[in-house]
Amino acid sequence: MKIACVGGGPASLYFSILMKRMDPSHDITVHERNPAGSTYGWGVTYWDELLNYLHGADPESARAIEENSVHWNSWEMHVYDRATVATVTGEDWGEGFGIGRHQLLDILTERARSLGVHIEFEHEITDKHELADADLVVAGDGVNSLLRERHTDRFGAEITVGRNVYAWLGTTKVFRSFTFAFVETAHGWIWCYGYGFSKDHSTCVIECSPTTWEGLGLHQANKADSLALLEKLFADTLDGHPLIAQANTEDGTHWLNFRTLTNRTWYHDNLVLLGDAAHTTHYSIGAGTALALEDAAFLANALHGETQLQTALARYDRERQAAIRPSLRAARYSARWYENLPRYVGLPPEQLFELLGQRRSPLLPHIPPRLYYRLGQAADQFYYRLDQVAEQFRSLRNRGRRPDPGPHEPNTPGHPDEMIPR
């Protein structure tokens, strides 16, 4: 098959790697409009589940990604109101990893080239008709996909703009834990998410409501003044380290409103959407890159599981959209949690930290926060006691205090072995 991938991001590169591994005879070209080595953003996050999958799909690139990632298994939250400072830590939210976006792209580019993929930089494609000789055109050109926009009525794209504003910054402060910091100002709350992605840099995403943004004067401040103010607000969290703005943005800090993109369908004729061209998920769940790589795997598997292109694309569309819905819902609820931060931020720190971890819940917006917390605590106690009873029951059984059915007496429905939770 002759395949043209438009956009040289993680989704297109990983798709080309998987396709070449499945069949080296595929003729694949990745077209990237920017020069080699240029990219936006700082570090990206992913979780242990994705790493396990990557090792199974392409061990060579997975090893390189893991070796160049930083790792954390703890989480910190700092709350700085105008009277007190509170810090809460936790270690039961899973295992996370961070890697520089530039580093990730270099790894995937090198791996794709080693498998025979052609990569053309500074080559912008604006219409699939420029690739008329391709059997399949993969649009991995991001949320502003030109290929998708050419056929917007076919794909049914919809964009929802979030209320809060955010800035994607870097810092030389290396966070050893995934860190949340909430700071109260005279104009409302402002907060950041910080995570390491290399031995000497971290990502620092700063977010606030439009009211706070304008009240602090960030809407009209220049680059130097914006960074100075943010460094002052988050001085304790940054330990005196500077914030760094991206060099390729007009105002330096580049404040944005997050845009959630959905598409009714992900393919039209021989054009198929991948990654941010197909969907976006709010950055607060840290899943964008992982979902893009999973898109690539679903598409590659569909193409090699079907003999007809249209059947394969329909399968990808159907199965991947179904698989990704829980993540899309979680991202929406997470974004709304932050948009409604005043509802939660007055809670005691331990309760706020717990509900921060529950921000993806569809029930939380409809239940008073303190009641939700108490219900959660009661449920935890219930399951804890249930585990204790089960463990006591197993201990009694193992000490021979009830008859063993023996090797020739099969368990029957309702036998205690089937009723004890494992």
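Predicted model: local features only at pLDDT ≥ 70, side-chain atom pairs only at ≥ 80, totals over all residues.

Reader: ok, and how many disulfides does the whole structure have?

Author: Zero, going by a search of the whole structure.

Reader: Is Cys204 buried or exposed? And what about Cys208?

Author: Cys204 is buried, at 2% relative accessible area. Cys208 is buried too, and its value is 0%.

Reader: How much of the protein chain is buried?

Author: Buried residues are 49% of the 422 in the protein chain.

Reader: Let's do helices then. How do H3 and H4 pack?

Author: H3 covers residues 59-67 and H4 covers residues 101-114; their axes are 10 Å apart, at an angle of about 155°. Over 145 degrees counts as roughly antiparallel, so that is how H3 and H4 run relative to each other. H3 passes H4 in a right-handed crossing.

Reader: Which residues meet there?

Author: From H3 you have Glu60, Ser61, Ala64 and Ile65, and they meet Leu104, Ile107, Leu108 and Arg111 of H4.

Reader: And H1 with H10, at what angle do they cross?

Author: Roughly 35°, with the axes of H1 (residues 10-22) and H10 (residues 288-305) coming within 8 Å. On the H1 side, the contact includes Tyr14, Phe15 and Leu18, while the H10 residues include Ala292, Leu293 and Ala296. H1 passes H10 in a right-handed crossing.

Reader: New topic! I clicked on Phe121. Where is that?

Author: Phe121 sits in the loop between strand S8 (118-120) and strand S9 (136-139). With 28% relative accessibility, Phe121 counts as partly exposed.

Reader: What does Phe121 touch?

Author: Leaving out residues up to four places away in sequence, Phe121 touches Glu32, Asn34, Pro35, Ala36, Thr109 and Arg113. There's also Gly8: it is 113 residues from Phe121 along the chain, yet their C-alpha atoms are separated by 8.3 Å.

Reader: So how much of the contact in the chain is between residues 24 or more positions apart?

Author: They account for 72% of the contacts in the protein chain that have a separation of 6 or more.

Reader: Then there's Glu122. What's its phi?

Author: Near 55°, a positive value in a residue that isn't glycine. Most residues other than glycine have a negative phi. Glu122 is in the loop between S8 and S9, and it is exposed, with a relative accessible area of 60%.

Reader: Which other residue has a positive phi of about 55° although it's not a glycine?

Author: Asp239 has one. Asp239 is in the loop between helix H9 (235-238) and strand S14 (243-244).

Reader: Last one: what's the average pLDDT, and where does it stay under 50?

Author: The protein chain averages a pLDDT of 90, and 89% of the residues score at least 70. The stretch under 50 is residues 402-422, where the model has 23 contacts beyond four places in sequence.

Key
Residues numbered from 1 in each chain as written. Heavy atoms only, no water. Disulfide = S-S within 2.5 Å. Buried < 20%, exposed > 50% of the residue type's maximum accessible area, 1.4 Å probe, protein only. pLDDT = per-residue confidence, 0-100. Contact = heavy atoms within 4.5 Å. Axes fitted to C-alpha atoms, helices over the stretch in contact; angles between N-to-C directions. Helix = DSSP H or I, 4+ residues; strand = E, 2+ residues; numbered from the N terminus. Parallel < 35°, antiparallel > 145°, perpendicular 65-115°, else oblique. Left-handed = near helix turned anticlockwise from the far one by under 90°.
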